[in-house]
Amino acid sequence: MNHKPESNRDQIDQLLDASLTRYNSTAEPRGGLEDRILANLRSHPVAEASGWFSWHWFNRNWITASAVAIATVMLIAVLLMPRTQRQNPSPIIATNKNAEPTPIHQTTPDTGASQRRVSTKHHAPSAKSLPSQHITVAAAVPHLEVFPSPTPLSAQERMLLSYVRRTPREVMVAVSEEQQLHEQEWMQGMQSMQPQQRSEQKSENLK
Amino acid sequence: MTGQVILNGTMLAESPASQSREADRHASEAAATQALEQLVREHARFVFRIAFSILRDHHEAEDAAQECFLRVLKVKQRLPEIREQKTWLARIAWRCALDRSQKVRSRLHSDLSLSNSESDDPAATLAALRDPAADPEQLAASAQMSALLERVVATLPEDLRITLQISTVQELTSGEVAAVLGIPEGSVRTRLMRARKLLKQKLQQMLGETL
């Protein structure tokens with residue numbers, strides 16, 4: 001009764017043995033595998049031996065390497081320097097000889113540089129939070145002809161300017177001469193006084 | 001004198017010590033290249049067979065062999081230090097084949113199913129098995145049986161399948177298979193027994209269905 005299944009089982013065992021023995025028998029490469037591998041190896045540069053940055057390269061080119069290192073350090077230092085230190089902070093007013101001396105914010109064309117300067121001055125803490133579009137527009141505007149960039153006049157400067165405009169030239173010359181005369185008298189008086197009296201006079205003037 | 005040479009920036013290239021270092025470097029480079037070429041000549045086919053045992057595709061196995069020796073190229077200076085070069089190489093080849101099999105798994109599966117549909121006829125093979133006069137050697141040599149075995153092996157759990165496939169590389173002993181897989185030799189034997197048992201069960205099951 002069990003003869004047939006047992007013979008089948010033996011046959012399967014034998015078949016399995018034979019099949020597993022042959023399982024990898026077709027694993028034969030095409031001819032010239034070694035040559036193809038060697039050709040492929042020759043076509044590839046060796047990273048360890050001939051890499052552009054190796055100790056050997058560094059030994060031979062130490063001057064270049066030093067120069068590159070120093071330049072890199074300087075570049076990093078410049079990039080890391082605060083922006084305010086790189087700009088000249090002196091607020092010099094534009095001297096346009098052809099135009100009438102008027103407040104900058106009225107006559108000077110609205111440039112990105114001036115905007116950027118004002119923006120940096122008043123909104124510096126929130127500079128990083130500015131939209132990228134605003135920064136792009138400001139950077140795209142060409143540089144001014146006058147450097148440093150002009151700044152708006154103060155209140156006292158505007159008052160002086162309006163006074164100069166309103167007052168006729170003859171009056172101003174007369175006032176100026178009178179002022180000079182008064183100053184000369186005052187200087188002569190000061191020179192004739194003793195040093196102690198001079199200091200007292202100065203303190204009185206200050207009061 | 002030394003300072004002048006340093007200022008010229010060519011001190012290391014011109015000094016005798018540097019020249020001897022350069023010569024040593026060239027000599028070691030040449031020796032490493034020669035060792036690598038010898039390794040390729042001796043073991044290229046062995047590497048190919050390991051890759052083929054996993055990938056079951058000639059083109060993929062050759063690509064894996066190429067990749068394997070490219071990895072060796074990166075460490076060719078250290079080749080003389082490696083003691084068990086054959087096992088070491090087998091392990092690299094096995095890793096390359098596994099990496100490659102993950103990349104092409106879907107394509108290989110589709111190829112396998114295609115080849116099965118074309119050449120594999122399980123019913124005919126199993127009908128031949130039922131014949132007591134059939135010669136197992138002849139059956140095993142048939143393309144149908146090879147395809148059937150491929151299909152059954154592919155259903156094995158991964159650890160059993162990989163162990164079985166690697167162990168079919170005839171150049172490898174069970175100890176070397178263990179070294180390649182990084183497991184004890186006893187585990188290799190256990191896995192092979194389990195794999196064989198599962199294969200037999202599946203074949204019997206298929207045979208029972210046709211009977």
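The report below goes from the confidence of the model to its chains and then to selected side chains.

This is a predicted model, in which local features need pLDDT of at least 70 and side-chain atom pairs count only at pLDDT 80 or more, while totals for chains, interfaces and linings use all residues. Residues are numbered from 1 along each chain as its sequence is written, chains are lettered from A and ligands numbered from 1 in the order in which they are written, and side-chain values use heavy atoms, with hydrogens and water left out.

**Confidence**

The model scores ipTM 0.73 and pTM 0.52. In terms of pLDDT, the predictor's confidence in each residue from 0 to 100, chain B has a mean of 80, with 75% of its residues at 70 or more. Chain A averages 69, and 54% of its residues score at least 70. Within chain A, the mean is lowest in helix α7 (residues 104-107), at 45, and highest in α2(A), at 90.

| Stretch | pLDDT | Contacts in the model |
|---|---|---|
| Chain A, residues 48-53 | below 50 | seven contacts |
| Chain A, residues 91-97 | below 50 | eleven contacts |
| Chain B, residues 1-12 | below 50 | 13 contacts |

Where pLDDT is low, the predicted coordinates should not be read in detail.

**Chain A**

The secondary structure of chain A comes to twelve helices and zero strands, where helices (H or I, at least four residues) and strands (E, at least two) are DSSP runs numbered from the N terminus. Of its 207 residues, 19% count as buried, meaning under 20% relative accessible area, as against exposed at over 50% and partly exposed in between (1.4 Å probe, protein chains only). Among the contacts in chain A with a separation of 6 or more, 67% are between residues 24 or more positions apart.

A:Asn40 is placed in helix α2 (residues 33-43) of chain A. With a relative accessible area of 18%, A:Asn40 is buried, and, leaving aside residues up to four places away in sequence, A:Asn40 touches B:Gln66 and B:Leu70.

B:Arg56 lies in the loop between α3 and α4 (58-74) of chain B, and has a positive phi of about 60 degrees although it is not a glycine. Most residues other than glycine have a negative phi.

**Aromatic rings**

How many aromatic pairs does a search of the whole structure find? The search finds one over all chains. The ring centres of B:Phe48 and B:Phe52 are 6.2 Å apart and their planes lie at 20 degrees, so the pair is stacked; rings of Phe, Tyr and Trp (its six-membered ring) pair if their centres lie within 6.5 Å, with planes under 30 degrees apart counted as stacked, over 60 as edge-to-face and the rest as tilted. The two residues are four apart in helix α3 (residues 16-55) of chain B, and are therefore separated by about one helical turn. B:Phe48 counts as buried at 1% relative accessibility, and B:Phe52 is buried at 4%.

The charged end of B:Lys86 sits over the ring of B:Phe46, 5.3 Å from its centre, while B:Arg95 lies over the face of B:Trp94, at 5.5 Å from the ring centre. A charge sits over a ring if NZ of Lys or CZ of Arg is within 6 Å of the ring centre and within 35 degrees of the ring normal.

Terms used: Contact = heavy atoms within 4.5 Å.
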